[in-house]
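Dear colleague,

Please find below the structure that I am handing over to you. A summary of the findings follows it.

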Amino acid sequence: MRVLSVALIAVSALLAGCVSRPLTMPAELAKQQVADTERAFAKSMADRDAKAFESFLSEDTVFFSGPTPLRGKKAVMEFWSKFFVKPVAPFSWKPEEVEVLDSGNLGLSAGPVYDPQGKLVARYSSIWRLEAPGQWRIIFDKGGEVCDCKP
């Protein structure tokens with residue numbers, strides 16, 4: 001009977017290790033990682049490096065580009081490949097706002113989008129998920145044009 005009890009405890013301990021738990025890290029560290037990742041993502045566009053750009057996409061990413069949402073890394077890259085054709089990037093962006101959940105595994109970045117001449121043309125919001133230690137990948141991305149209104 002004692003052997004059975006020990007075996008049950010051992011199996012319970014092993015199964016407990018399989019239970020998924022949220023990753024946690026200090027919020028400031030997570031925010032810094034998301035901001036740094038967003039800047040590296042933007043740099044991939046500036047460097048005209050589609051392969052690097054793709055590496056920031058989660059497999060199940062959703063981009064709101066065009067008339068319908070693009071679902072999955074492959075669909076995003078098929079649509080976005082046109083932005084890597086010319087030698088000069090058609091736009092650039094940078095994070096101005098970054099926030100993360102208390103769990104430290106989901107983050108938001110948002111900021112301005114500029115044309116090649118530096119004119120503000122849009123604002124973006126991206127949701128990032130921590131998929132492995134230190135590896136943030138984008139799961140949602142949406143931009144919207146800004147008004148060029150005269151007061």
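Leaving aside its neighbours within four places in sequence, with which residues is F63 in contact? They are F41, F53, L57, P69, L70, V76, W80, I138 and D141, where contact means heavy atoms within 4.5 Å.

Some notes on the source come before the rest. This is a predicted model, in which local features need pLDDT of at least 70 and side-chain atom pairs count only at pLDDT 80 or more, while totals for chains, interfaces and linings use all residues. Residues are numbered from 1 along each chain as its sequence is written, and side-chain values use heavy atoms, with hydrogens and water left out.

Overall fold

The protein chain has 4 helices and 7 strands; these are DSSP runs numbered from the N terminus, helices being H or I of at least four residues and strands E of at least two. Their order along the sequence is α-α-α-β-β-α-β-β-β-β-β. Of the 151 residues, 35% count as buried, that is, under 20% relative accessible area, with exposed meaning over 50% and partly exposed in between (1.4 Å probe, protein chains only).

Nonpolar core

In soluble globular proteins, nonpolar side chains tend to be buried together. The largest nonpolar core holds 29 residues, and F41, M45, F53, L57, F63, W80 and W93 touch the most other members. Such a core is a set of buried Ala, Val, Leu, Ile, Met, Phe, Trp, Tyr and Cys residues joined through side-chain atoms within 4.5 Å. Two or more residues come from each of α2 (27-46), β1 (57-64), α4 (73-80), β4 (97-100), β6 (120-132) and β7 (135-145). The greatest contribution is that of α2, with 6 residues.

Largest pocket

The largest pocket has about 390 Å³ of space. A pocket is an open set of points on a 1 Å grid over the protein atoms alone, where a 1.4 Å probe fits, with protein on both sides within 12 Å along at least five of seven lines; lining residues have an atom within 4 Å of a point. Grid points are joined across faces, edges and corners, and the volume is the space filled by probe spheres set on the points. Of the 19 lining residues, W80, F91, V113, A122 and G143 lie nearest the centre of the pocket. The strand β7 gives the most to this lining, with 5 residues. The lining divides into 12 nonpolar, 4 polar and 3 charged residues; here Ala, Val, Leu, Ile, Met, Phe, Trp, Tyr, Cys and Pro count as nonpolar, Asp, Glu, Lys and Arg as charged, and the others, Gly among them, as polar.

Strands β4 and β5

β4 pairs with β5 (residues 106-114) in the antiparallel sense over 4 bridges; two strands pair if DSSP finds at least two bridges between them. E97 stands opposite A110 in β5.

Two arginines

R48 is found in the loop between α2 and α3 (50-55). Although it is not a glycine, R48 has a positive phi of about 65°. R48 counts as buried because its relative accessibility is 18%. R123, by contrast, is found in strand β6 and is partly exposed, with a relative accessible area of 33%. R123 and E145 are 22 residues apart in sequence and 6.4 Å apart in space, C-alpha to C-alpha.

Yours sincerely
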